[in-house]
Amino acid sequence: MKIISALLLLVCTHLAAEAGDSSLEPIQALRIAGHYRQALELARTELALDATDARLLNESGELQFELGNLQAAISSFQQVIDLAGAEQLMAKWNLARVHRYRGDLPRAERLYAEIRAGFQTQSSVSARDLYAIANATRELGRSDPQLFKDAVQLFDRAMRMDPSFTDAGIALGELLLEKYNNREALQVFQEVLSKDAKHPRALLGLARSQHFDYSSEAMLTALQALEINPNLVPARVFMSRLYIELEQYSDANFEARRALEINPLSLEALSMLAVVHHLQRAAPEFARVERRVLELNPRYAEFYTVLADLAAQNRLYREAMTFSELAVKLDPLSWRAYGLLGMNQLRLGQMQAGRASLERSFAGDPYNIWIKNTLQLADSFADYVQIDKGQFRVVLHRDESELLREYIHALTAQAYRHFKTRYRHQPPDPIRVELYPDHADFSVRSVGLAGVGLLGVCFGPVVAMDSPAARERGTFNWGSTLWHELAHVFHLSMTDNRVPRWFSEGLAVYEERIARPGWGGDVTPDFLLAYLDGRLLPVSELNNGFVRPSYPEQVIHSYFQASLVFEFVETRWGFDVIRETLAAFRDSKSPASELTGRLRLDAAAFDAAFDAYLQDKYASALRALKQETGQARTAAPAPDPEQVTRETAAPDKYYDQIKLGTLLLEQGNLDLAELFLDNAQQLFPEYAGDYSSYWLLAQLYLQQGKREQAERQLANMVAINAEHYEAHQLLAQLRAQRGDHAGAAAALEAALYIYPYDLEMLGALALHQASEGDWNKVARERRAALALDPVDKAEAYYQLAYAYDRAGNRAAAREQIVYALEIAPNFYRAQELLLSLREHESDPAEAQ
């Protein structure tokens, strides 16, 4: 090590001599590269020549601070202050940092005030002075949030005064990111990197900005920073966080410990280590780290705030709430902790307490866009109604509560009975189900921001999701989504919320797929192409596909792939092993091996077995897609229709078949189009997308007048793809035309789970149910029609009264017929029905 240090000193001194610059440059070069001890050694050498060099003393103190030598750092900074020179404001800022790090807030705040006062009294200030003043202002902003605006301006002034002073730019980016202004933060980090593309702290800032936007690039950027400075403690801490989010706890543990090797007193690294211990249920280890942190800083609320944040990201919402409460006890000005407390109270259905916590958070930090959005959403809760029935508390917007409540109650009750039997478990708490007709509101309820592409979310005893009004018709099956989220309720309850993300999501999709034909989606060409391209992850790494996707479709692909894993496991080993694995997660310290251990396979063997299953299941489609070139996947052929013959229909390329069939159908060449489309279906029978061979052949057969064949195509299609609204409606029409009212009703009932707002469809469904004598369902559909506020309300009340009468509920029938006659007193059919009801009332036999 002495030889290496000597060489580094020689090189850096030589570079400085060549540049003709001060002795500070080689020290800073060593520091940027992470050679802190060598930089400190060189600083000591220079200080031996001039012990009053304030800039060197500050640099030396900062190096001591980065290594965890707090007392030595204090000594260096105090020497600068005693010199009363140009570096005094920077030294006071550095000294305040150390005091705050040790939990001595009164001393730190006195220094902040002195620095701010210096800004008023000094005749001139340097960029470094402005940087110190900006940092002090930023800290004082905890009790006066308007000061954050001053801090932004001061950092910006420092940055413009000395463009080479990168610390000011990095601090500005960090402050903007802290205040949720990632757009401007990203611009600042990019500006710094345009001047110094290899600055490790600027790269770390960029990584944090990318992480804010859920970009998978964040880890790669952080690794770039660590290539330049392997000893950058904040980068190691950030990497530890990323691995925790990926549920890769051994890697997270390594990064935290690597950071502590550099700085044994790093509170941030100790906090990450505590998170790992907590998530791995290592209670004694967690307690030791907790004691160590509070010994170093008895007021370090961020320890519990980090625990709360990452516990919530790992779906441990009750524990997140507890940690948030501990944080605000340590620091009543921890607005972030109040925000986390409120968000998690809302996630657990504690609506009033959650709102109160959020209001307190927002009063102290009005820049938190998550809290602002959530409070605005909470203001709209007055427009919602809660309907309690059985184990459920269903919360609906008042404009659609009458329409949706019955359909939701029926589905939730069925799901509860099914999952209670299947999992042999009953969640202890009532289940709160919230449906939002505006996707932006649901998005805010989920993560605090609008624009998130989720359909539903489960917090344990609370489910939130889009209502069918929140999406375009035909893009969303709300019944399937609700079933998925209710599966999560059972999974989280059984495991005390400690279930790997891929396991829970894959199992919930699998539950969708076996609940109803066509629910949960099925295989798509792009999924199999991703498999052929080697982009699908092995099961042992599948969590990464949910948390840090590497290509745009990977999250969707991971959902479906994970569902296939459970299809494979139940097919080969039975459902008991899945249920037993779920139960084991509750107390497991090695969740990654719980499933494979029960199957008596290691991870590699299970990955290989699943891969073989997938290849066998989709053998035909894989062969057909494997023939495609990259160009053929995207560029549709445009043959001359006169040159297309039966002989050109090579049966080995799926895309060729579907594209040629579509083109020929559009051109009216039905016989030849049928050949190509049928070939496509034979190659890939599992795919029933919106414009798949099933839909196209159905259209073709209708043009040919072959209704039976068209009906068969549509029935096969919706058995795979239950989200195609038009296919359900057309199938119902074809069935009704041949007198199959039960089949027509089944098709339209399936369509209700896509879009229940179609009055004409509700009327047709009621007529088919009436033909089958199912008057209770007819009444349900008539009530739904009334909830849609039809133009002819008298007719709607009459139809409901008639359904009640036929169902034997004459009291309800009389009530509804009165409403009809109040609107239209001369309504003849209503008058007749009322007369009939009165005759029944006067009949002694009926009265009995």
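A: Ala, Val, Leu, Ile, Met, Phe, Trp, Tyr, Cys and Pro count as nonpolar, Asp, Glu, Lys and Arg as charged, and the others, Gly among them, as polar. Residues are numbered from 1 along each chain as its sequence is written, and side-chain values use heavy atoms, with hydrogens and water left out.

Q: By class, which residues make up the lining of the second largest pocket?

A: Its lining has 16 nonpolar, 10 polar and seven charged residues. Helices here are DSSP runs (H or I, at least four residues), numbered from the N terminus. α26 (501–515), α28 (542–547), α31 (594–599) and α32 (603–617) each supply at least two residues of this lining.

Q: How many residues of α36 are buried?

A: Buried means under 20% relative accessible area (1.4 Å probe, protein chains only). In α36 (residues 670–683), 10 of the 14 residues are buried, among them Leu670, Glu674, Phe676 and Leu683. Their cover includes α33 (619–626), α35 (654–666), α37 (693–703) and α38 (707–718).

Q: Where is the pLDDT below 50?

A: Where pLDDT is low, the predicted coordinates should not be read in detail. The mean pLDDT of the chain is 93, and 94% of its residues reach 70 or more. Over residues 1–21, however, the pLDDT is below 50.

Note on methods
Predicted model: local features only at pLDDT ≥ 70, side-chain atom pairs only at ≥ 80, totals over all residues. Expected span 1.5 Å × (residues − 1). Buried < 20%, exposed > 50% of the residue type's maximum accessible area, 1.4 Å probe, protein only. Contact = heavy atoms within 4.5 Å. pLDDT = per-residue confidence, 0-100.
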